[in-house]
Amino acid sequence: MIAVSREDNPASMSVSIRFTSPAFDGAITEDERRAELVAKVLERKYCIQTMSHVNEAGWYKIHFKPNTPAVIVLRILSSLRLEPQSVLKELSVQALQVLVWFSFKTFGPIRKVAPTLILRRFFELLAAGFIMTEELIPPWHQAKTPPVSLFSGLDEDKREKITEYAQYAVRCIALGQLHKVLLIPPPPNSPGFAPRS
């Protein structure tokens, strides 16, 4: 509390300051004050986890611009991932993001790439056994913490199922049957590679 009083003389003024906080009045001890401060400080693991989420969001913002082919492919895969029988649900959202980014990056400096080409490259990457032989370290990983693979939660059986599904998807795309991968009806008058009668 600050009280200001002015006497009759305009040139003189007196100010009195009173500290009303319990810390200044001696109501709490130094140990109690220190314990309260420690309780408000986050644990190191939570700080590192929060920084990882911030770095991930920054990485995504840089590499996935709105309305780009990579974002379209990511939305398609995210939708397929929600299907009850889809093996893609075994992949985390972060793993999908990085794999789509890798697939898009393989086209080099070309920016106008059809989403179907990126989707095909995504499945080709998995069909070639990438998930069986490699670990996927997040690009936003900080050197202060030990790296954790985005595939760490996948056992060998799950990896094999994802690889087999990707090989099936590549065959469908090669035969002009992308609708089977997207789980949608075939487009009308689609020639595909149907056998001649």
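**Helix 8**

I started with the buried residues of helix 8, which are Arg159, Ile162, Thr163, Tyr165, Ala166, Ala169, Val170, Cys172 and Ile173. For my notes, buried means under 20% relative accessible area, exposed means over 50%, and partly exposed is in between, with a 1.4 Å probe and protein chains only. Helices are DSSP runs of H or I with at least four residues, strands are E runs with at least two, and both are numbered from the N terminus. I am working from a predicted model, where local features need pLDDT of at least 70, side-chain atom pairs count only at pLDDT 80 or more, and totals for chains, interfaces and linings use all residues. Residues are numbered from 1 along each chain as its sequence is written, and side-chain values use heavy atoms, with hydrogens and water left out.

Next I checked the length: helix 8 has 19 residues and runs 27 Å from its first C-alpha to its last, close to the 27 Å expected at 1.5 Å a residue. That expected span is 1.5 Å times one less than the number of residues. I then looked up the partners of its buried residues and found helix 4, helix 6, helix 7 and helix 9. Contact here means heavy atoms within 4.5 Å.

**Whole chain**

I stepped back and counted nine helices and two strands. In sequence order the pattern is β-β-α-α-α-α-α-α-α-α-α. Of the 197 residues in the chain, 27% are buried. I also noted that, among contacts with a separation of 6 or more, 52% join residues 24 or more positions apart.

**Helix 6**

I looked at helix 6 (residues 115–127) and its buried residues, Ile118, Leu119, Phe122, Phe123, Leu126 and Ala127. They pack against helix 4 (69–81), helix 5, helix 7 (130–133), helix 8 (156–174) and helix 9 (178–182). After the helix comes Gly129, with a positive phi near 95°.

In helix 5 I listed Ala95, Leu96, Gln97, Val98, Leu99, Val100, Trp101, Ser103 and Phe104 as buried. The buried residues of this helix pack against helix 3, helix 4, helix 6 and helix 7.

Gln97 made me stop: what does Gln97 touch, not counting residues up to four places away in sequence? I found Glu56, Trp59, Tyr60, Phe64 and Leu74. Gln97 is buried because its relative accessible area is 9%.

Trp101, also in helix 5, counts as buried at 13% relative accessible area. Leaving aside neighbours within four places, Trp101 is in contact with Trp59, His63, Phe64 and Pro139. I checked the C-alpha atoms of Trp101 and His63: they are separated by 7.5 Å, though the two residues are 38 apart along the chain.

In soluble globular proteins, nonpolar side chains tend to be buried together. I followed Leu77 and found Leu88, Leu96, Val100, Leu119, Phe122 and Phe123 touching it, not counting residues up to four places away in sequence.

**Largest pocket**

The largest pocket holds about 410 Å³ of space. Of its 18 lining residues, Ser52, Pro138, Trp140, His141 and Val148 are the closest to its centre. On a 1 Å grid over the protein atoms alone, a pocket is an open set of points where a 1.4 Å probe fits, with protein on both sides within 12 Å along at least five of seven lines, and lining residues have an atom within 4 Å of a point. Grid points are joined across faces, edges and corners, and the volume is the space filled by probe spheres set on the points. Helix 3 (residues 44–63) gives the largest share of the lining, six residues.

**Leu183**

Last, I looked at Leu183, in the segment after helix 9. Its phi is positive, near 60°, in a residue other than glycine. Most residues other than glycine have a negative phi. Leu183 is exposed, with a relative accessible area of 55%.
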